[in-house]
Each structure stands twice: as C-alpha cells, then as structure tokens.
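Work through the exercises below with the sequence and the structure open. Each task is followed by a solution in steps.

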Amino acid sequence: AGRRLPLPEAQDELRSLAGALNDLLARRDEAADRLRRFTGDAAHELRSPVASIRVQAEVAVAHPDPELSQEVLTEVVRESERLSALVDGLLTLARSDAGELPPAEPVDLSVAAVDAAARCSGDGPAVQVHVPPGPCWVLAAPSEVDLVLDNLLRNAFRHARASVTVTVLAGVTSARIVVDDDGHGIAPEHRARVFDRFYRVQDDRARSSGGTGLGLALVAEVVRRRGGAVRVGESPEGGARFLVSWRAIARPQ
Ligand code: ADP
C-alpha cells in the first residue's frame, strides 16, 4: 500500500490547504471587484465631458450666433482637453496594470525638477527650486519622472496661494522630491484616499479646473512600481506637502 498520512495530520494538511485556497479565492474576488469598480468609474468619468461637448455643440448648431459660438467652442476645446487627459491617464494605468514598464535609465532628479518647474510655472504662484550641489541619480524612465513631477507641480500651482517649493534631497540609499505649497492643504481624513483613482477632495473645483482625478493615482503607480514610495502631509507654510522617495543609484558610468 502507498504511504498514507495519519488521519489527524491529514486533517491539518487539508485544513491549511482549504485555508490557502480560500485566501486565493478572496483575493481573486477582490481583484474582480476592483476591476468592476474601475471600469464603472472610468465610464462615468468619460461620460461627463462627452455629454458636455455634445450639449455645447447642439447649442452652437441651434443658435448660429458668432459671439455665442465662440464661447461654446472655447468650452468644447476645454472639455476635449479634459477628455484627452482622461484617456491618456486611463491608457497609462491600463499599461501599468498589464505589467508593461517603459525601459529605465539613470535620470538626474535635479535636472528633471528644474525643467519641470520651468514647464509648469506660469503667471500665478512663484516657484523656488532647491537642488543638491551634485546630480541625484535614480533608475526610471524619463517619462515617468516627468509624469510624477508634472502632476505634483500642476496640483501645487493649482492650489497654492502665492508660492510653490520643490526640493530635491540626495541621500545614500534614497533620493527624494518634496513639493510644498501654501494653499489650503489636504485635511487628514482625505490624505489616505487622494491616491485612489478618481478620488477628489472637492468635486466641482477639481472638474472645473480640468482635473481628471487620476493625477495622483498615476503618480503613486509609477513611483511604487519602481520600488519607491509617496506620502502626503502638511507643508510648513500650511498647504500640502507631497514627498516622493526613490531608490538612489550610484553615479552612472
Ligand atoms: P485632479 O486631477 O482632479 O486634481 P489628483 O489625483 O491630481 O486629481 O488629485 C486628487 C485630489 O487631491 C484633488 O481633487 C485635489 O482636491 C486634491 N489635491 C491634490 N493636490 C493638492 C494640493 N497640492 N493641495 C490641495 N489639494 C490637493
């Protein structure tokens, strides 16, 4: 006869096998729930700019008045831009969910931060950039670093009263980017959720300023898949502080 497990031992093994199987099923159900929610939310978010573009276009067709058309077309352009941003964000998230990573190379955070500040600042709040004396290398795709900086800086400029500060800190094992603003900040009860897809603290405000609710979700996704971390807190000026840490790498050859 083949080797048999004594009954009490067999029961233990079966119980742990059943436990492992149940965990697996629960995880699969959670993933399916997340996917369902995400698809529903995405459809809901896409619907609003599409509906708005349609209504505006119908108004323009029904009332061929040049002054009104100008106003309506401006709104159509704005909503189309939001739609494009949403679709781009969804595509980036879908690629990331599918495990597609753009090729990584050494990126100097200091150079990227200075460039992003120049790109994102306008006539509004002033920006200060503090970078370490030497370069600050991390391993990532340049497009990922730009996505992180652009989203954090655009949010900071959108919410700041008068000033935005970007600081790059080079450590031995980690390289950090800190983005501070002097706006109204993010209340502690919202902090854990601002990185969720489509989560907004103030709905109307974010929508009317062209926000998609995907910016911080993209930032968190990009940073985590490169082994980094992102946190939100309060800046010394009372506004929001976003802190991103990456794994530092030695100077590339
Ligand atoms: P959105 O594109 O709608 O701004 P995000 O994912 O970038 O979406 O941000 C999520 C929410 O976090 C926003 O609705 C906004 O209310 C809040 N938020 C983000 N950055 C800041 C900031 N610097 N100051 C205050 N609130 C912020």
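The model is predicted, so local features need pLDDT of at least 70 and side-chain atom pairs count only at pLDDT 80 or more, while totals for chains, interfaces and linings use all residues. Residues are numbered from 1 along each chain as its sequence is written, and side-chain values use heavy atoms, with hydrogens and water left out.

**Exercise 1.** Describe the largest pocket by volume, lining and class of residue.

Solution. 
1. A pocket is found on a 1 Å grid over the protein atoms alone, as an open set of points where a 1.4 Å probe fits, with protein on both sides within 12 Å along at least five of seven lines; lining residues have an atom within 4 Å of a point.
2. The volume is the space filled by probe spheres set on the points, which are joined across faces, edges and corners; for the largest pocket this space is about 970 Å³.
3. The lining has 40 residues, and Asn155, Arg158, Gly211, Thr212 and Gly215 lie nearest the centre.
4. Helices (DSSP H or I, at least four residues) and strands (E, at least two) are numbered from the N terminus. At least two lining residues come from each of H2 (66–97), H4 (142–159), H6 (203–208), H7 (215–225) and strand S7 (240–247).
5. H4 gives the largest share, nine residues.
6. Ala, Val, Leu, Ile, Met, Phe, Trp, Tyr, Cys and Pro count as nonpolar, Asp, Glu, Lys and Arg as charged, and the others, Gly among them, as polar. On that basis the lining has 14 nonpolar, 15 polar and eleven charged residues.

**Exercise 2.** Do the corresponding analysis for the second largest pocket.

Solution. 
1. Its space is about 510 Å³.
2. Of 16 lining residues, Arg34, Arg37, Phe38, Asp196 and Arg197 are the closest to the centre of the second largest pocket.
3. Helix H1 (7–62) and H7 each give two or more residues to this lining, and the largest share, six residues, is from H1.
4. The classes are seven nonpolar, no polar and nine charged.
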